[in-house]
Amino acid sequence: MNLKLLRAITLLALAGCASAPAKPSAGAAGTPKLLVFITVDALRPDYFARYGRQLNGGLARLYNGGAVFTNAYQDHAITETAPGHAATMSGRFPIRTGISTNLMGVEDSRSPLLEAQGPGASPHRFRGTTLTDWLTAKDSRTRTLSVSRKDRGAILPIGRSKQPVFWYAGNGNFTTSTWYGPTLPEWVREFNARKVPASYAGRDWRLLLPEREYTEPDSVTVESQGVRFTFPHIVPRNADSTVRMLPDLPWMDEATLAFAMNGLHTLRLGTGPQTDILAISLSATDAIGHRYGPDSRELHDQILQLDRFLGAFLDSLFRVRNAGDVIVALTADHGLTPFPGVRSMDPNVGARSVDPQPMLREMSNSLAAAGIPGPGLKYLFGVYTGNGFRFDSGVLELDRAALKAANINADSLVEKFRTEFLRLPGIARADRISELARRDTVADHIARRWLHAFGDEKHAALVVTPAPFSSWAAYYAMHGTPNEIDARVPIIFYGPAFKPGRYTQVARVVDMAPTIATVLRVAPAEKLDGRVLSDVIR
């Protein structure tokens, strides 16, 4: 999108919102009228320090003017997109939301997409309530809009609430599913008709700053699987190819923010006496981090691009909404581990890429010989399915009925799996849930995080944890472990309700919802895992 088009879209979104600069409202010192909850997929908190002197937009505004927790985490085991987003506004861990992995996220064939192709999606697996439900119960006029590049990033922050939820489809449109209604709203169709994603065709990704401002080498062949891993990154001149490629480019965040601003105007969020919610999940940092790694020049430039896009968004927001009526929260769904075997800014010497496939194949063959039915070991989308077992994201699940029919003792099999996993270089531990429940979960953060994801051994016969900075084998940089590098995230609150500054106490993403609920004077509808971070509230 060129600057002229971006300005046109912004002006369109702002038209009618305000005919003059916003003035302080009578309720500026009272309950906020608008919560903007931003989740940046894979935003590591150390990026603020790494690139701080080059940040002058939205990230800088929130970091320098907000209440910043410097010791903040997603405190659950499988640090993936779905469980991370489900924690943001629910105040509860995966063991209670029911969203423990990406595959147990939002895919739903019974809820097809509208005017787009792809797997259907809905919050049908999500359990319990979120901040949206608490506000709606207090005041039925509450309005919510949730947008993202990813379906799970848009759906899970607001849970089962049937408020407007939209995400980016591969055909260049923002879409939703039939779970939310039979047709796309007219304002979404009008936005899609502008073909914003297609407007990026031919706009090559070049460094935002002069090359001397980047200390990272641009010649690391492990990046992007050794293909097109140096600047500039050429964007197709063909519109159809560009809209498919857009999720891997910084401009995806810009387009998402433009859509969010359009929705803010159309739905008149923040203009009534009640508190409304605008939830935004920005995903380009995750895609670029996966492809090039957290130490890459590409990731560095992406953070700078995101900073500018978010700055333009906040500038536009505060032109049409009184700053005294708005609070902003920012966090991430997970961190990111550097490529094992590649020198990093992190202390990852000795890190390994753990490939369990040969061992799992041998175990599958052994179980097949013992009479367990199945086609042998299969691998699809990161999941290993073998005769009598399934292994995904460090979690071993057994087909206990098949084992019983073959007279195989499940406990003995678990111990065999444990022995084999611990023989793999790069594996730190393999635990049973029943064992973790007896650990000191204050000191043992690995045990605590697994217990925040699973409560029994029905779906987690054994949980396996790579050593710090090691990861499960993949062709891209990974996350998903309970280790600090994947669990650590930023937590920032911004606005008149909060006391700016640096806070060193431990904070968790599940603490954000109860803290915001206190500011908004609303009661949660159920018991939460999170606690109120009262030190930051004015």
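# Reading a predicted chain: fold, rings, pocket and backbone

Author: The protein chain has 19 helices and 19 strands. This is a predicted model. The radius of gyration is 23 Å, close to the 24 Å from the globule rule for 538 residues, so the chain is as compact as a globular protein of that length.

Reader: What box do the C-alpha atoms of the protein chain fill along the principal axes?

Author: The box is roughly 75 × 50 × 45 Å. Of the 538 residues in the chain, 60% are buried.

Reader: On to the rings. How is a pair of aromatic rings described?

Author: Two quantities describe a pair of aromatic rings: the distance of the centres and the angle of the planes. In this structure there are 25 aromatic pairs. One of them is F48 with Y63, whose ring centres are 4.7 Å apart and whose planes meet at 15 degrees; planes under 30 degrees apart count as stacked, so this pair is stacked.

Reader: Which parts of the chain does the pair of F48 and Y63 tie together?

Author: F48 belongs to helix α2 (residues 46-50) and Y63 to helix α3 (residues 58-65), so the pair links parts 15 residues apart in sequence.

Reader: Is F48 buried or exposed?

Author: F48 is buried, its relative accessible area being 5%.

Reader: Which charged end sits over the ring of Y63?

Author: That of R502, at 4.1 Å from the ring centre. A further case is R203, which lies over the face of W251, 4.0 Å from the centre of that ring.

Reader: Which residues form one aromatic cluster?

Author: The cluster is made up of Y379, Y384, F389, F391, F417, F421 and W472.

Reader: Now for empty space. What does rolling a probe over the atoms show?

Author: A probe the size of a water molecule, rolled over the atoms, shows where empty space is left. Here the largest pocket has a volume of about 1900 Å³.

Reader: How many residues line the largest pocket, and which lie nearest its centre?

Author: The lining consists of 49 residues, with N102, K150, R152, F381 and Y476 nearest the centre. The elements that give two or more residues to this lining are α7 (151-155), β5 (165-168), α11 (284-292) and β12 (389-392). Of the elements, α11 gives the most, with four residues.

Reader: What does the lining of the largest pocket have by class?

Author: It has 22 nonpolar, 15 polar and 12 charged residues.

Reader: Last, the backbone. Where is there a cis peptide bond?

Author: The cis peptide bond joins F231 and P232, with omega at about -5 degrees. P232 lies in the loop between α8 (186-193) and α9 (239-245).

Reader: What is the phi of E115, and where is E115 found?

Author: E115 has a positive phi of about 55 degrees, although it is not a glycine. E115 is in the loop between α5 (94-97) and α6 (131-138). With 42% relative accessibility, E115 counts as partly exposed.

Reader: And what is the phi of F469?

Author: The phi of F469 is near 75 degrees, a positive value in a residue other than glycine. F469 is placed in the loop between β15 (462-466) and β16 (471-472). F469 is buried, with a relative accessible area of 15%.

Methods:
Residues numbered from 1 in each chain as written. Predicted model: local features only at pLDDT ≥ 70, side-chain atom pairs only at ≥ 80, totals over all residues. Heavy atoms only, no water. Phe/Tyr/Trp six-rings, centres within 6.5 Å; stacked < 30°, edge-to-face > 60°. Buried < 20%, exposed > 50% of the residue type's maximum accessible area, 1.4 Å probe, protein only. Lys NZ or Arg CZ within 6 Å of the ring centre and 35° of its normal. 1 Å grid on protein atoms, 1.4 Å probe; cavity = no way out; pocket = protein on both sides within 12 Å on 5 of 7 lines; lining within 4 Å. Points joined across faces, edges and corners; volume = space filled by probe spheres on them. Nonpolar A, V, L, I, M, F, W, Y, C, P; charged D, E, K, R; others polar. Rg over C-alpha atoms; globule rule 2.2 N^0.38 Å.
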